Amino acid sequence: MNWSAQVYAIHGVEPGTPLEVDKAIEFYLPEYREMVSSSIQEALAHDRPFDFETSIQRPDGTVRRVRSQGERMRDDSTGQDSLIGVFMDITSSHRDRIALVHAANHDLLTGLYNRLHFDRLLVEKIAASQGQRGALSLILIDLDGFKDVNDTFGHLNGDYVLAQTAQRIARATPKQAVVARWGGDEFALLAPPGASREQLEFIARRITEAVRQDINVPGGKISVGATCGVAVHDGLIEGKELVRRADLALYHGKKYEPGQTHFYYDTLERSNHARQIAVAEVKSALANQRICAGYQPIVRLEDKAIVGFEALMRLDTDSGVRMTASEVLPALLDPVLSREIGNRMLGFVCRDMSVMQAAHNGLRFVSVNATEADILSRDFAENFLATLRDKQIAPHSVALEVTETMLLVNDTRRAQRVLTTLHDAGVRIALDDFGTGFSSLSHLRDFPIDKVKIDRSFVETICSVHQNRMIVQALISMAHNLGIKVIAEGIETEDQRALLMQMGCHLGQGYLISTARTLREVTRPAATTGQHRAPPTDQRGRWKAPVPRAVNSR
């Protein structure tokens with residue numbers, strides 16, 4: 001065997017060093033030796049050219065990438081056959097190619113697979129496991145609270161948090177799994193083949209626990225959480241459907257129980273279908289001006305004189321059916337739609353305020369309901385006050401109702417700033433569904449609350465359940481001691497009204513007084529006396545019409 005000086009140099013061997021074919025093959029990394037040997041044998045035995053790319057290791061331990069091309073040739077002068085070839089060092093171009101492939105398949109910021117490559121791997125693995133139920137499972141991971149990181153700490157720190165979080169997810173992921181950055185602050189994971197539900201829960205729990213740990217950045221510590229949506233392949237569906245199911249489970253989890261792991265079930269399809277119908281209905285109503293306001297009176301319980309109204313969204317379908325907010329609630333969970341409806345409702349109140357004040361001399365306020373999207377919106381307070389100024393509405397004549405769950409957002413400081421800005425400008429803040437949240441007392445301490453509305457779930461049983469009666473009494477007493485007004489919701493019977501007055505609650509609303517009515521109904525002359533036409537009642541004073549209790553006074 002004869003080598004040129006350059007071939008010796010590529011191998012890191014002194015020129016002229018005697019070499020046998022078997023010894024030359026030992027330069028190749030072990031995983032390539034069988035292929036190289038068989039290629040040479042094929043060329044010798046069957047006169048077939050060879051062309052392969054492999055790696056060799058020099059005597060000093062360095063590895064080079066090489067390409068070898070050759071074929072069998074006959075020397076006519078001697079009649080001897082020879083194997084003649086060309087040996088090339090392609091290490092530099094090989095590294096460039098690897099870098100390009102890596103860049104094409106990996107996310108630049110986190111170093112994980114990108115979505116495009118993950119999609120290809122998903123298709124391959126589904127094809128390999130087709131017909132095998134449970135052989136493949138997908139976990140989608142979405143960070144909780146990350147959307148405020150960039151605003152609070154800056155984009156550089158936000159990128160750092162994403163990179164650190166990606167490393168934690170990768171370390172918490174089993175070796176047989178595939179993990180990728182799905183986009184933004186969302187990640188995707190293909191679990192090890194055949195993983196059981198318990199194993200999937202264990203993997204997801206390890207990830208959420210790892211993500212939850214604080215990350216140190218200049219100026220403080222950042223804490224984010226993670227919610228997981230899991231879908232198990234049934235052996236029949238395609239990759240897009242598996243992703244859709246995992247995303248549906250994730251969406252459900254983000255809305256109802258963030259920070260936990262949620263599996264896809266068929267029942268989610270029904271709720272998702274209901275959400276799609278509700279969204280379509282609301283979008284159509286917004287586009288065709290079929291959203292209106294219904295006004296439910298808030299009265300002094302002693303004489304039922306009107307002191308305020310709560311503006312409640314009503315929607316007329318294209319077939320003429322009037323729907324309440326509760327009936328399209330899934331659509332109201334959409335931040336964009338909820339903000340649009342909030343703007344419409346405030347516009348209705350500003351338009352109707354002077355008419356209602358003229359009809360009711362004792363009218364002190366009209367309240368509108370806020371959503372979590374409103375509270376977290378960067379310019380909500382400014383836009384709200386600007387609308388009141390443009391329509392020449394006194395801020396103190398408007399109340400903004402928020403629920404306790406809205407105050408449990410990740411960025412409580414922003415919620416505090418929004419409500420404080422409105423409160424300082426004169427807008428009254430009412431805490432709705434009071435007593436049903438997780439930290440009612442801290443809310444009264446940390447937020448500028450002017451009024452609390454006792455939830456109807458307590459009011460409806462105060463005459464029959466001693467414990468609820470004691471809770472309502474305690475809530476009323478506590479609010480009075482803090483200088484906060486109390487409004488009871490969902491009053492349906494005279495017994496309830498009488499007992500609330502005995503407890504010291506002076507304001508209330510509910511079907512006993514009136515349902516939500518149109519502007520024309522609440523401003524007609526008969527309404528100015530404070531005596532309203534109540535809905536039909538039974539002998540105990542309870543409203544009899546077949547309206548679901550879930551939408552009571554809403």
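Isoleucine 291 has leucine 315 as its bridge partner in E12. The model is predicted, so local features need pLDDT of at least 70 and side-chain atom pairs count only at pLDDT 80 or more, while totals for chains, interfaces and linings use all residues. Residues are numbered from 1 along each chain as its sequence is written, and side-chain values use heavy atoms, with hydrogens and water left out.

**Exercise 1.** Determine which strands pair with E12, and in which sense.

*Solution.* 
Step 1. Recall the terms: strands (E, at least two residues) and helices (H or I, at least four) are DSSP runs numbered from the N terminus, and two strands pair if DSSP finds at least two bridges between them.
Step 2. Strand E11 (residues 291–300) pairs with E12 in the antiparallel sense over nine bridges. Five residues lie between these strands in their hairpin, where lysine 304 takes a positive phi near 60°.
Step 3. Strand E13 (residues 322–324) is joined to E12 by three bridges and runs antiparallel to it. Here leucine 315 has methionine 323 as its bridge partner. This hairpin also has five residues between its strands, and glycine 320 in the turn has a positive phi of about 95°.
Step 4. Strand E14 (residues 365–369) runs parallel to E12, with three bridges joining the two. Phenylalanine 365 in E14 stands opposite glycine 308.

**Exercise 2.** Explain why strand E12 is described as largely enclosed.

*Solution.* 
Step 1. Buried means under 20% relative accessible area, exposed over 50%, and partly exposed in between (1.4 Å probe, protein chains only).
Step 2. In E12 (residues 306–316), 10 of the 11 residues are buried; therefore the strand is largely enclosed by the rest of the structure.

**Exercise 3.** Describe the setting of glutamate 401 and of histidine 106.

*Solution.* 
Step 1. Glutamate 401 belongs to strand E15 (residues 398–403). This glutamate counts as buried because its relative accessibility is 2%.
Step 2. The side chain of glutamate 401 makes a polar contact with that of lysine 453 (2.7 Å). Such a contact is a pair of N or O atoms within 3.5 Å; within protein, one must be able to donate a hydrogen and the other to accept it, and residues adjacent in sequence count only if both atoms are side-chain atoms.
Step 3. Histidine 106 lies in the loop between helix H4 (91–105) and helix H5 (115–128). Its relative accessibility is 18%, so histidine 106 counts as buried.
Step 4. Apart from neighbours within four places in sequence, histidine 106 is in contact (heavy atoms within 4.5 Å) with Gly111, Leu112, Tyr113 and Asn114.
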